[in-house]
2 protein chains.
Amino acid sequence: MTRFDITILGCGSAMPSTLHHPPSQLIDLNDKLFMIDCGEGTQLQMRKFKTRMGKLHALFISHLHGDHIFGLPGLISTLSLLGRTDDLHIYSHRELDFMLKPLLIYMGSHLSFRIHLHPMNPSQREVIYENKTIRIISFPLKHRIDTNGFLFEEKERPRHMIREMIDFYRIPLRQIAAIKAGADFVTEEGTAVPNNILTTPAAPPRKYAYCSDTAYAPEIIPYIEGADLLYHEATFAESELSRATETYHSTARQAAEMAAAARVKKLVIGHFSSRYNELETLLQEASEIFPQTELADEGKILSL
Amino acid sequence: MTRFDITILGCGSAMPSTLHHPPSQLIDLNDKLFMIDCGEGTQLQMRKFKTRMGKLHALFISHLHGDHIFGLPGLISTLSLLGRTDDLHIYSHRELDFMLKPLLIYMGSHLSFRIHLHPMNPSQREVIYENKTIRIISFPLKHRIDTNGFLFEEKERPRHMIREMIDFYRIPLRQIAAIKAGADFVTEEGTAVPNNILTTPAAPPRKYAYCSDTAYAPEIIPYIEGADLLYHEATFAESELSRATETYHSTARQAAEMAAAARVKKLVIGHFSSRYNELETLLQEASEIFPQTELADEGKILSL
C-alpha cells in the first residue's frame with residue numbers, strides 16, 4: 001500500500017494558546033507532501049516534527065482568515081533560503097493574491113522559485129488537482145467568509161492479475177493492462193473470459209476529507225460521504241452551541257453528527273477554541289454520537 | 001528605580017531552527033511594553049513567557065526582512081481579538097505600509113483599534129519617540145537593505161532634594177521643582193546657595209542599544225557610546241568572517257569590538273545563524289575582546 005498519512009501541525013483556532021498551534025496539516029501521499037492551511041508558526045512545526053520541507057508539493061488554503069494563512073510568508077521565505085527550484089502551487093480563494101502580492105514583490109527578486117496561485121470556486125464542488133494516483137476536490141463549507149473543504153480521493157487502482165490465469169489462458173502481455181483495468185479476455189476460439197475470473201479487486205481507494213472552518217451544514221454530507229477519515233472542526237463544546245452558531249463554527253457533537261450522517265469510518269476533531277484547557281468534554285460529546293472519534297493533537301500522525 | 005527590563009523573545013536569524021526563534025524582544029519600561037522586531041511566532045513567544053499583550057505600547061521594526069516582520073499580522077489580529085482599543089504605533093521604514101496594507105484592509109473592518117505607521121529616516125539619527133521618562137532614537141546600521149538600530153535612553157531624572165536643606169534655608173515649596181532641575185537657591189538676603197549643597201544627583205539615566213542586523217560598522221559607535229547594555233547581532237563565528245562580510249552581518253568578535261570601542265557596560269549577542277547547535281565558540285570569541293559578554297536566549301530577562 002502506498003503511504004497516505006496525515007500529520008497534524010496545528011489544531012488550535014484563531015486565538016493561539018500555549019497548548020495548540022494555528023491550523024495546518026500535511027498529507028503525505030506516497031512521499032509527496034500536500035499542505036492544508038498554514039497558520040503562523042507552521043514552518044516551525046514542520047521543523048519540530050521533522051517533516052521534510054523539500055517534499056512539499058502543493059498548498060491548499062481553506063479560507064483567508066489569518067489563523068489559516070499567516071504562516072505563508074515565512075514558509076515561502078524559508079523554502080527560498082533552502083534553494084527550492086520547483087514551482088510552488090497554492091490553491092486558495094482569489095483574494096490571497098491581493099494579500100500576498102506585496103510581500104512577494106518585496107521578496108520577489110530573491111525568491112528561488114515561482115509561485116502559482118490557483119483560485120478555487122467558493123460555491124461549487126470542483127476537482128482542483130489530479131495526478132496518477134490522487135484527485136483533490138474542493139467543496140463549499142459554511143463559514144463567515146468563503147471557505148472550502150477538501151477531499152483527497154485516491155484513484156481506483158488497477159485490479160490484481162491472477163498469475164496462474166495468464167498461463168492458463170495464454171494471455172498476451174499486451175492485453176494485461178486492459179484486463180487489470182477491468183476488461184474481459186477473449187480467447188482465440190472467441191470465448192469471453194469474465195474479468196472477475198482473471199483478477200482480484202484492488203484495495204478500495206482511500207478518501208480523506210477536511211472540513212474546517214464550518215458551521216454545522218448537512219449540505220456538505222454528499223461531498224464527504226464514505227470517507228475513511230474525516231477531519232472536522234469542533235471549536236466548541238455543546239454548552240457553547242449558540243456561540244458556535246453565531247460564529248459559524250461547530251460543536252463537537254455537530255461534528256460527530258456529520259460523521260455519522262456521512263457514514264465515514266473515522267472522525268478526528270480539531271480547531272479547538274483556546275478556552276479549553278482540556279478536551280475530554282469535546283471528545284465525550286462527539287463519541288456519544290460517533291464512537292470512532294479521536295482528538296487531533298500537534299504531531300499526531302493518522303495513517304489511512 | 002523604575003523597571004527597565006529587556007525580554008528576549010527570539011534571538012535566531014533568517015532560517016528558523018528548533019533552537020531559536022526569529023528576532024523579537026520586549027522592553028518593559030515602567031510597565032509599558034515596547035517591542036523591537038516581530039518575527040514569525042512572536043505572539044506565541046509572548047504567551048509562552050507570559051508577557052502581557054495588553055501592556056504593548058509601541059512597536060519598532062529595524063528593517064523589513066521577513067524574519068523581523070512576519071509575526072506582525074498574527075500579533076495585530078490577536079490584539080484585535082483581545083479587544084484592544086488603544087491606537088497602536090509602529091515605527092519602521094516606509095515600505096512596511098505597502099506590505100501590510102492589503103492585510104490590514106482585509107482585516108480592517110474587524111480591527112478593534114487603529115494602527116499608525118511612523119516612517120523612520122533610514123540614513124540619519126533621529127528621536128522617534130519621547131515621553132516623560134524615555135527618549136527612543138533610531139540610527140542607521142549597515143545592512144543589505146535600509147536598517148536602523150535603536151537607542152532607548154532614559155531621560156535625566158530630577159536631582160534628589162536634601163530634606164534638611166529645605167528647613168535650613170526655608171526654601172519655599174514653589175522653588176523646589178526648579179532646584180531639583182538644577183537651579184541654585186537665592187536667599188532673601190541675596191546669597192546664592194549652589195545647587196550641589198541642596199541636592200544629591202539622581203541615578204544616571206540608563207541606556208539600552210539595539211544593533212541588528214548590521215555589518216561591522218565603526219560609524220555606529222557614537223550612537224551607542226556608553227550604553228548600559230548593547231544587544232548586537234553576532235550571526236557568525238570568526239571562521240565565517242567572509243560570509244559575514246558578504247551578507248552584511250557581524251561575527252561575535254566584531255560585536256565585541258563594537259562594545260569595547262563604544263565603552264558599553266555589558267554586551268548581549270544574538271541573531272545566531274541556525275548552523276550553530278551550540279554557541280560556546282561565539283561567546284568565547286566575543287569574551288576574549290569584551291569580557292562582559294553574554295549570550296541571548298529565548299525567555300532571558302536583562303534588567304538595567
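**Exercise 1.** Is the crossing of helix 10 of chain B and helix 11 of chain B left-handed or right-handed?

*Solution.* The model is predicted: local features need pLDDT of at least 70, side-chain atom pairs count only at pLDDT 80 or more, and totals for chains, interfaces and linings use all residues. Residues are numbered from 1 along each chain as its sequence is written, while chains are lettered from A and ligands numbered from 1 in the order in which they are written.

Step 1. Identify the elements: helices (H or I, at least four residues) and strands (E, at least two) are DSSP runs, numbered from the N terminus. In chain B, helix 10 covers residues 252-261 and helix 11 covers residues 280-289.

Step 2. Consider the axes, which are lines fitted to C-alpha atoms, for helices over the stretch in contact, with angles running from 0 to 180 degrees between N-to-C directions. The two axes come within 8 Å and cross at roughly 30°. Angles under 35 degrees count as roughly parallel, over 145 as roughly antiparallel, 65 to 115 as roughly perpendicular and the rest as oblique. Helix 10 of chain B and helix 11 of chain B are therefore roughly parallel to each other.

Step 3. Assign the hand: a crossing is left-handed if the near helix is turned anticlockwise from the far one by less than a right angle, and right-handed if clockwise. The crossing of helix 10 and helix 11 of chain B is right-handed.

**Exercise 2.** Which residues of helix 10 of chain A meet helix 11 of chain A, and which residues of helix 10 of chain A are buried?

*Solution.* Step 1. Two residues are in contact if their C-beta atoms, placed from the backbone, lie within 7 Å. From helix 10 of chain A, the residues A:Ala252, A:Arg253, A:Ala255, A:Ala256, A:Glu257 and A:Ala260 meet A:Leu282, A:Glu285, A:Ala286 and A:Ile289 of helix 11 of chain A.

Step 1. Sort this contact by class, where Ala, Val, Leu, Ile, Met, Phe, Trp, Tyr, Cys and Pro count as nonpolar, Asp, Glu, Lys and Arg as charged, and the others, Gly among them, as polar. The contact has 7 nonpolar, no polar and 3 charged residues.

Step 2. A residue is buried if 20 or more other C-beta atoms lie within 10 Å of its own, exposed if 12 or fewer, and partly exposed in between; C-beta atoms are placed from the backbone. Of the 10 residues of helix 10 of chain A, 7 are buried: A:Ala252, A:Arg253, A:Gln254, A:Ala255, A:Ala256, A:Met258 and A:Ala259.

Step 3. These buried residues pack against several elements of chain A, including helix 8 (221-224), strand 15 (229-233) and helix 11. After helix 10 of chain A comes A:Arg263, with a positive phi near 45°.

**Exercise 3.** How many residues of chain B are in contact with chain A?

*Solution.* Step 1. The contact joins 26 residues of chain B to 26 residues of chain A.

Step 1. On the chain B side, helix 1 (42-48), helix 3 (72-81) and helix 4 (96-108) each give two or more residues. Helix 4 of chain B gives the most, with 6 residues.

Step 2. By class, this side of chain B has 14 nonpolar, 9 polar and 3 charged residues.

**Exercise 4.** How many helices and strands are there in chain A?

*Solution.* Chain A has 11 helices and 18 strands. Of its 304 residues, 43% are buried.
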